[in-house]
Amino acid sequence: MMQRAAVAPSRGPRGASPSVRGGPRGGIQKRRGAGPARVDKDGDLVMDAGAAGDKGRVGRGRIEGGATSKPLGTGRTNSGPSRGGNHGLHRAQAILRGMESKQATVLESRITAVGPASLRIDGLSSSKAASNPDGGLESLLGFLERKASGLDAKSNRTVKIKKSSMKGDSVIITASPDDIEQIQKLDKFTFAGSVLSIKACDPPSPQAGKSGEKKKQTVSQEAQEAKDRFRAVLAARYDANLKLLNLSALALDPGLRQMGVFDGSTTTSKVFPAMMVVCDGLFKDLQEKRDAIVSVSLADNELADVSAVTTLAQTFPDLKNLDLSRNKFAELKGLNAWRWKFRHLENLILTGNPIESQPTLKDELLKRYPNLQVVNGVTLRTAEDVAAAKAAAEVKKSPIPIAGPDFRDVSRVGENFIRQFLPLYDNDRDALLGTFYDAHSVYSLSLNLTAPRSHEHSMPIQPWTAYFKHSRNLTKITHLNARMTRRYKGSQAIQQVWSTLPASRHPELESHADKYLIECHPLPGLVDPSNQSARGVDGLVITMHGEFEEQTEPATEKSLRSFSRTFILGPGAPGGPQIRVVSDMLTLRPWAPLALPQISSISPETHSTSDPEQQKREAITMQLVEKTGMTPAYANLCLTETSWNIEQAFIAFTANKDKLPADAFIPGVAR
């Protein structure tokens, strides 16, 4: 007798109940246990469920059979909870089984407490973002993730908030312990005009059965015991006087063997990541860790490469002394996992390794680690040599010689302006506007939040809330209307903008000249405000780079900004300021030390002189160029013959204009 082949259960209609979705495949099935089939007078099967009577009636999407069907699970099989429901519990149980069977498969997540941590954030309800349709929650979460990710300039890790919920006026967020630590540093930061309060709180506990809660509690206790044992091992191996963490011969450590993490076949790689996680949790911040440990020994661990201990570079990135002696390093590629790590390493020991005999080893190590000075106890270079090598590398980055700032002033107009501008901007902006700005002065502000910053000199980035609405960064503001409305013309419009910007304090120019880089050049051809000269008038363009401290309330920490500011100065209109600001363009960026140019040797013939008399002659030459259209060379020759009397030079030019060759004039300039 032929048997029907087994078929997979049908999923059923999309809106059907699980009992339908688990039924056999096919449109019409033989009815079992429900009595004889009903037929009409022609012998056809009755398809109307309503005609079957009360006993045969079934609800929509239901099939009643003689046997009670077994409910289906929500996972891949029919016999268990959902796949994600106890995932964390199963992983924790696997950790315990591995430790009880003396398998040292310990990862970072297996030592830290199961599940993320939570924070309570207050201040959203009083912020400007509270008027958003979602109450400002999305804006707040984006602010926290962005700011927390930028706190550590050396790390490229992105902070991510996993869950969030509103509890009254407070926001409860959940994230990993590492991310929680970064977000807590934003306490007292200002968000949308409101100061945030960020405090730790208990995470919301999921609804679980009593047995599940009991298992989680047991797992947490076991994990805590493991962490305590690792702490004891690390404490016994730390020398506070030498600031040394001795991690040599880990397989022979009595404490680790008592924990059962080594069974004769297990290597150091199984336990090392867990030790680094525990060690990292012993310090409040990176600076405390940097001050406590400057040397680490990994001797006698049978390491053939550093892949098993690569987490050392993440835990202690600023090590100065590292001992890798008496291991099994045979080739330099065994250190490739640390190729771009340990940028502050000064002393490296590789004695007792096969790699020690390689003739080019020391040269290759010096290329990999820029501050390395001593290898295997032999001094290869001094700190002065390291500094010189860094300076040479900086020069190679720019093959064109770079001179220092060029300040070519005219009658000390630029110098006097800078000396007055800085204190007035910090203390009395209205007086500054009345002194140098008029109804035709133009001001604009631009934020550059992508400017490169040094990893060695960085600080937390403060909020830019007060500046965003005025920023005219043309790479971000693409609509013409927005661009024009953020270009402020006239002292009154400028005053309205300046009144909304935070107070500032620039470094004193006399005592902190190294905080500034200022250049000044003559600029001919400005529009004559008196409308007397069709050729225009002479002015100055001043470019100033530096920093200032923002005076915020409450002043929880020092808030520095880096800036670049370009002024165009010209003669004032009748009845106005004698010297006026034609244009004022301010660019702000996150603080970084001023990048002063590396001054290369430049021949005296090409170096700009700072002689005031020479500067005066250059300014007179440019005036004659503007009046006559001659090239600077011919204008200089004409002034030399007339003893630098510009009036006599102009008379001589007028008398001999027709005799001058064509190359005496600037092409394209009317004469």
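1. Start with the largest nonpolar core: it has 45 residues, and Leu247, Leu312, Leu322, Trp338 and Leu365 touch the most other members. A nonpolar core here is a set of buried Ala, Val, Leu, Ile, Met, Phe, Trp, Tyr and Cys residues joined through side-chain atoms within 4.5 Å. Buried means under 20% relative accessible area, exposed over 50%, and partly exposed in between (1.4 Å probe, protein chains only). Several helices supply at least two residues each, including helix 7 (210-236) and helix 12 (361-368), but helix 9 gives the most, with six. Helices (H or I, at least four residues) and strands (E, at least two) are DSSP runs, numbered from the N terminus.

2. A word on the model: it is predicted, so local features need pLDDT of at least 70 and side-chain atom pairs count only at pLDDT 80 or more, while totals for chains, interfaces and linings use all residues. Residues are numbered from 1 along each chain as its sequence is written, and side-chain values use heavy atoms, with hydrogens and water left out.

3. Take a look at Leu322: leaving aside neighbours within four places in sequence, Leu322 is in contact (heavy atoms within 4.5 Å) with residues including Val296, Leu312, Trp338 and Phe342. Apart from this core lies another, of 32 residues, among them Phe417, Tyr425, Phe436 and Tyr467.

4. Tyr467 turns up again with Leu445, which touches Tyr467, and also Leu501 and Leu586 among others, not counting residues up to four places away in sequence. Leu445 is in strand 14 (residues 442-447) and counts as buried because its relative accessibility is 0%.

5. Now helix 5 (residues 137-149): its 13 residues reach 18 Å from first C-alpha to last, close to the 18 Å expected at 1.5 Å a residue. The expected span is 1.5 Å times one less than the number of residues. Its buried residues include Leu137, Phe143 and Glu145, and the buried residues pack against strand 1, strand 2 (163-167) and helix 6 (177-184), among others.

6. Strand 1 (residues 117-122) also holds Ser118, which is buried, at 3% relative accessible area.

7. Which residue is the nearest side chain of opposite charge to Glu547? That is Lys515, 4.0 Å away, yet buried Glu547 has no salt bridge (a side-chain nitrogen of Lys or Arg within 4 Å of a carboxyl oxygen of Asp or Glu). Lys and Arg count as positive and Asp and Glu as negative; His and the chain ends are not counted. Glu547 sits in strand 18 (residues 537-551).
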